[in-house]
Amino acid sequence: MVGSRSPFVAAGGGCRSGKGQVVAWFAPVAVVEPAVAGRDVDDPSAPAGVGVLACDTEPGTVGHARGRDRLPQGPAAAPMRRPDPPEGYREAIAGYQASGIPARTVASWLQQIRTGSGLSGIDVLVVDEATMVDDRAAEVLMREAARTGTKVIGIGDPLQLQAIGAGGWFKDIHELVGGLTLTENRRQEDASERHALEVWRTGDHDQALRLFAERGRVHPTESADEARSQILTVWDELRRDRWPDTHDLLDKLVVLAARNSDVDALNAGAQQIRRAAGELGEERTYALPGGDRLTLAEGDAVRVRANDYRSRRGEGPDLLYGYRAVVSQLADDGRVEVTWRTRERGPDDAYASAWLTPDQIAGGALSLGYAMTIAASQGMTYDTSLMYGHGANAFAAYPGLTRARRENHLWLPLQVIESENTQARLGAARTEKERLERAVDAYARFLGQSRPDSMVSDLFHEPPAPAVVVPSPTPIRAVSSAAARARSPRHVQQREEEATAPREYRLTDEQKQRLEDMREERELAGTRAWNQRPYGGHTDQELTRLIATGPVDARREDRDAAAADEAKATLLREIEDAAAGGTTPGQIEVAPIYAVLDQADEHLALARTEQARETEAAKVAATADEHLRVLALSDGKGRLALRMAGTSRKEHAQLKKQAEADRAAGHSEAADARMAAGWAAADAWKTVRESPYASVLGATEHRVPDVDTVAARLAEMRQTKVPARAQQKDAGDQKRIARFNATANTARKAASMYRAVADDARTEKALRQRIAQQHPELHRAETRARADIQQAQQAQAARVEQQNHRYQPPAPSRSGPKRGL
């Protein structure tokens, strides 16, 4: 599987990624015979964050180099021949754009090996995220590389995500060929996080988790629902405070989970939060394969799940697997327009957009993009990462904990990661510290069960007997790179294009002399070339505008900073004054609410009194009714019987009349009391409902509850709602102080930048005036060069505008001016 050539020798060379990613490590392709001189397989190992090439790839991306060109500039490799290539193809194209090495997925190469020219004409093949390539795929690549004389260089990390298929060839091959190991972490800014990750790589997951916990990066909860809820709460706070623009949110913040079910739950929760905040527009629901449904709204963050190569059809920019975008429009016919930031980031953000049909969406081309699986995030870098840990083994948790530069957070639900026996023995956690200790212990034990993959050949119990070496009738011979290229159809086409291409424009001797004179004149002038000065590319009118507007904008930012400082100082004084009186601003704010509740309680007390009067009157009526029932038994008796009973007809009639009067009076008084109690309860409810605090107290309905319900509602208001309002006010004040402070700092930085811009523009303008006076020829040459560049930029902008004329990019958030370079 290693190849047919030996001995193995070391190869070197590498580049650092702008995102701090491990992408490729390759031998300089300027070697005359890279496929023959040296070993056929190089296998460098690199932990997450070391950064070795200026591109950003996903699992299984492969780059290749042809001939002696160090960084080829030809088009990216074509996709594999199937409608839905695997994840990673978009990043393969991005890898080509950043490094100049054409790239495609491993699956695409395997397809080409099976049906096309294979690796013919390829001198060096770089396999990124090689640990995710299984043994069967690696065997096909190695066998084909041996046939074509291609050198294979694998890049990966055995401690990160493993291959879905069988085998784990990378680790064994790395040891076999003595591959390089990169160790310097260039991504994580926090030294403590870098140290924790170093400990993790030793296999001591328990100690690594405790180091993360000491930095407040591990968050234990009781249940899975509570963990997901906390993640969404933190996500909501971060996006409101730091990245309110959805495009910024997708670039800076990521929510991760190991399982699709958890990702779906987090996506649904994030969408509901934005819907409740009124940030989403019109909605539409689409049916998906398998009976699922997808609801999309204008403003939603989405993730593209299928490739659509529109540029080949002349229909705009390609929409590729893995793009994170924003739903910018929903059409009446069910189509969805998504907009994303392009990778070509200039002075201003560039955007592209594309429409998807209902059939594409029903086929699974889109999903919500607030959260994603750890596997999908492989190769990406963010500012902050929030990860749900349940279900992530050691090989998934490690890349999940290395996605962010500034902060990587982990949530652990104790009920699902701790064993039932332990829970039965220890019971519920009594303190937050105990919960953290138990969560770390349980998760570390779970991570300890993770086992690295081994090669498929290791599964055999006995090694095969040594084979007798028999000379082959068609012995393998070394194939030179020149011969391989000569047989390559692509190389033949390239030679034909070069033969028919126009000849390179050559400078005349006069032009060369003029350039030399300008260089000497620039040296005499003691200044750098115009395109090497910070504002050398700006026109004179732009410099004048920057000089004029810079101080004005700086003063505006100063006023904003002063206003934020004053608002913060005022709020701090309110808090201090309240504390001096032994209270808080929240308690002061709710004091009038207690006064309203006291008035309502007075009416409620009257209602209770009337209820008691109703009860007593009802008793009187019941007693009289019972007396009448007894008297009715003597109605048919004669005068003698009544006299023997100690009464008379007249007295009997009087007793009946009195009992009837008592019963009527009791019923009447009970009715009056009942009505009075209702009026008193209505007055109590009206007092609360018509107060300025009705919405806070939840007393907005006009229907008056009964007396007992009013009493229960008033008690709930006094004991729960009002204290919660006070706490909300105090917590909100702290957040407002933080926002005022952030606003003031941002405004001061912007003011400083505006002044620096004006100073730099003023310096450039003075330099041009001096050059115009002392070196007029140099001044005219620089002016012409600036004009040519600006015309080219305007033409490019016009083409982009024509291509995306239907899309209006969102207004950028105010972050201060940007200094030109």
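**Exercise 1. Which residues of helix H6 (residues 205-214) are buried?**

Solution. The model is predicted, and every value below is computed from it.

Step 1. Apply the cut-off: a residue is buried when its relative accessible area is under 20%.

Step 2. List the residues of H6 that pass: His205, Ala208, Leu209, Leu211, Phe212 and Ala213.

Step 3. Find what these residues pack against. Their partners include three helices, H5 (191-201), H12 (394-400) and H15 (432-448). Strands E6 (218-221) and E17 (404-413) are also partners.

Step 4. Look at what follows the helix. Glycine 216 comes after H6, and its phi is positive, near 75 degrees.

**Exercise 2. Does arginine 403 count as buried or exposed? Locate it in the chain as well.**

Solution. 

Step 1. Compare its accessibility with the cut-offs, under 20% for buried and over 50% for exposed. Arginine 403 has 1% relative accessibility, so it counts as buried.

Step 2. Relate sequence to space. Threonine 384 is 19 residues from arginine 403 in sequence, while their C-alpha atoms are 7.8 Å apart.

**Exercise 3. Describe how helices H20 (residues 585-632) and H24 (residues 707-774) are arranged.**

Solution. 

Step 1. A pair of packed helices is described by the distance between the axes and the angle between them.

Step 2. Read them off: the axes of H20 and H24 come within 9 Å and cross at roughly 175 degrees.

Step 3. Classify the angle. Angles over 145 degrees count as roughly antiparallel, and H20 and H24 are therefore roughly antiparallel to each other.

Step 4. Sort the residues of the contact between H20 and H24: 16 are nonpolar, three are polar and 10 are charged.

**Exercise 4. Which residues touch the most other members of the largest nonpolar core?**

Solution. 

Step 1. The core has 46 residues, and Val336, Val338 and Leu366 touch the most other members.

Step 2. Helix H7 (residues 224-241) supplies the largest share of this core, with six residues.

Step 3. Examine valine 338. Leaving aside neighbours within four places in sequence, its contacts include Val302, Leu319, Ala352 and Leu366.

**Exercise 5. What share of the residues in the protein is buried?**

Solution. 

Step 1. The protein has 821 residues, and 45% of them are buried.

Step 2. For the surface, the accessible area is about 42400 Å², with 52% belonging to carbon and sulfur atoms.

Step 3. For the secondary structure, the count is 25 helices and 17 strands.

Notes
Residues are numbered from 1 along each chain as its sequence is written. This is a predicted model: local features need pLDDT of at least 70, side-chain atom pairs count only at pLDDT 80 or more; totals for chains, interfaces and linings use all residues. Side-chain values use heavy atoms; hydrogens and water are left out. A nonpolar core is a set of buried Ala, Val, Leu, Ile, Met, Phe, Trp, Tyr and Cys residues joined through side-chain atoms within 4.5 Å. Buried means under 20% relative accessible area, exposed over 50%, partly exposed in between (1.4 Å probe, protein chains only). Helices (H or I, at least four residues) and strands (E, at least two) are DSSP runs, numbered from the N terminus. Contact means heavy atoms within 4.5 Å. Axes are lines fitted to C-alpha atoms, for helices over the stretch in contact, and angles run from 0 to 180 degrees between N-to-C directions. Angles under 35 degrees count as roughly parallel, over 145 as roughly antiparallel, 65 to 115 as roughly perpendicular and the rest as oblique. Ala, Val, Leu, Ile, Met, Phe, Trp, Tyr, Cys and Pro count as nonpolar, Asp, Glu, Lys and Arg as charged, and the others, Gly among them, as polar. Accessible areas come from the Shrake-Rupley method with a 1.4 Å probe; for residues, only the protein chains shown count as cover.
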